[in-house]
Amino acid sequence: MDSNGSVPSGDIRKSVHHEEEIVVVGGGIGGLACALALHRVGIKAVVLEQSDALRAGGSALALWNNAFNVLEVLGLSEQFRTMFTNLLAWEIMNSQGKTLAKLEFAECEGGPHDLRAVERSVVLEALARELPEGTIRFNSRVSGIKKTESKTGITTVELQDGSTYSAKVVIGFDGINSCVASWMGLQKAQSVGQVGIRGMAIFPEGHKFEEKAQLFLGKGCRTAYLPTSRTKVFWFFVWNDSSQGWQKTSEEQIKEESLQQVLKSFPSTPLPSIISNTPLERISKSTLRHRLNTDPESLVNGTITVAGDAAHPTTPNMGQGGCMALEDALILTQKLYDALRSPNIEELETLKATPEHERIHRALVEFQHERHERTNFITTRSYRIGRMLQTGWTVIDFIRDRFVIPLILNKNTFLAHTLFDVGKLPGQ
Ligand SMILES: Cc1cc2nc3c(=O)[nH]c(=O)nc-3n(C[C@H](O)[C@H](O)[C@H](O)COP(=O)(O)OP(=O)(O)OC[C@H]3O[C@@H](n4cnc5c(N)ncnc54)[C@H](O)[C@@H]3O)c2cc1C
C-alpha cells in the first residue's frame, strides 16, 4: 500500500461496489463527528478516509465553548474536560514580555467557559471509538464523483483503487484541499500571505506554566503557547510570508527555523525553551489559507454537499476551523434527520408528496444557508485579526498595542462568538 492509501492494482477490492445511505468523504474531526451524530440518531453513514489510519501524533487544536457544546451533545465532553487543562485567561504581550492586555474568562458572561488545547489525535480516537465497527473505511481515497442521478438522487463516488460507493447523500468533509469542493467547481482556498509553525512540547516531569494562553506580538510575526495538560504545551509561531508556497522541508529544519525565528524576535519569552522541548513528530508547518463563499447554494449539488474546511477554509487566528467543523457536523445531522426520518405526523403528508432526494436536497440547501452568515463572519474576522496582529509597520503596531489590543480583549465581546448554541440531536 502506498502513502496515499491507494491499493496496488490486482487487489481483491478492485471494482467492488458498495451501496450506502450516506457517504462521508474524509475522516478528520468534522467527518468523524458527523458520522457519530448520524449514528446517534439511527442513521448509518460510512466514512471514506484516504489514510491508512487515524492521524496520529501531531499537535493540538484550541477548542472553545462552541466545540464543547457539540462534544457535550455527542457525550464526549467530560473525558476531554478531565484530560485537558482549562485555560482561564488570555494575555497579550509585546515581544519583550510586557503585558498589553489580559482578560480573565470569569469576567465574561455565559460562563463557565471552556478553552482547552486538545490533542487532535485524542479527539479523533475518541470519536472513532464511538462509531460502529467498519464505519471508517481506511485506504479509501476518493478520486471522482458522478453527478447525482436526477430520477433517484443516487450519487456514485469513485475511489482511486477502482471501487465505487453509491449513496443517497454524499458529504465532503475532506479538508482544505477537498476533492468534493473542486468537483463542485469551488475556488481553491487562497494564501493570506502568512505561514505558521505549530507544535506540541513535552515536559515529562511536568511544566510550571499557569492556566492561561499567552500571545506575544512582534514585528510582522507573533507566537503563543497554551498549556494542554500537566506535561504538554501547545505553541505556534506565525509570520508574514507572501511567497506562494515554501519548499517542503524536514521536521528537523522546521524546528530549527522556528527556534531561530523565536530567538531573534522573542528571546526573553518562554518560547525558545518550549520549542526545544518539542519532538520532531509533533511539529508542522503550513501556509495559512482561506476562502470566502458568496453563494451558499454553490456548496450544494443535487444530494452532495461540503462541510468543515472543505466548505469554509479559514485562517487559524481565532482557533475556530475545527470548532466550526464540529458545529457543521451536528447541524447537518439535524437537517438530514428531518429529511430522512422525521416522525412529525403533521409534516408527513407534505413529506410524502416530495420525493426523498428532493427533501435531502432542500435540507442541504437549508443547512448551507443557515451556516453561511456565521462561517463567513468568523472567516472574515479571523483574516482581519491575523492582518492586524502582524502588519510589520511601526506606527500601526504602536496603535495596535495601545488601542486595538485592549479593545480585542473586551469582556463583552471576546468570547461572544463561542457562546453559539448548536441545539440538541433529535430525541435528546
Ligand atoms: C496552523 C493551524 C492551526 C489551527 N488551529 C486550530 C485551533 O486551534 N482550533 C480549531 O478549531 N481549528 C484550528 N485549525 C483548523 C482545523 O485544523 C481545521 O479547521 C479542521 O481540522 C477541519 O476539520 P475537517 O474535518 O473539516 O478537515 P480535516 O481535519 O482536514 O480532515 C479532512 C480529512 O479528509 C481526508 N481526505 C482528504 N481528501 C480525501 C480524499 N480525496 N478521499 C478520502 N479522504 C480524504 C484527509 O486525510 C483528512 O483526514 C488550525 C489549522 C491550522 C492550519
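## Charges over rings

A charge counts as sitting over a ring if NZ of Lys or CZ of Arg is within 6 Å of the ring centre and within 35 degrees of the ring normal. In this predicted model, R116 meets that rule: R116 lies over the face of F68, at 5.5 Å from the ring centre.

## Aromatic pairs

Let's turn to rings that face other rings. The model holds 11 aromatic pairs. One of them joins W90 and F414, with 5.9 Å from centre to centre and 50 degrees between the planes, a tilted arrangement. This pair links distant parts of the chain, since W90 belongs to strand β4 (residues 89-94) and F414 to the segment after α11, 324 residues apart.

Are W90 and F414 buried or exposed? W90 is buried, and F414 is buried as well. Both also belong to a cluster in which ring pairs link W64, W90, F105 and F414.

Now to the outside of the model. W393, V395, I396, F398, I399 and F403 make a nonpolar surface patch of about 660 Å². Among them, W393 is found in the loop between α10 (356-389) and α11 (394-408).

Why does W393 count as exposed? Its relative accessibility is 61%, and the cut-off for exposed is over 50%, so W393 counts as exposed.

Conventions. Residues numbered from 1 in each chain as written. Predicted model: local features only at pLDDT ≥ 70, side-chain atom pairs only at ≥ 80, totals over all residues. Heavy atoms only, no water. Patch = residues over 30% accessible without salt bridge, like charges linked within 9 Å, V, L, I, M, F, W, Y side chains within 5 Å. Areas by Shrake-Rupley, 256 points an atom, 1.4 Å probe, with all protein chains shown as cover. Salt bridge = Lys/Arg side-chain N within 4 Å of Asp/Glu carboxyl O. Helix = DSSP H or I, 4+ residues; strand = E, 2+ residues; numbered from the N terminus. Buried < 20%, exposed > 50% of the residue type's maximum accessible area, 1.4 Å probe, protein only. Phe/Tyr/Trp six-rings, centres within 6.5 Å; stacked < 30°, edge-to-face > 60°.
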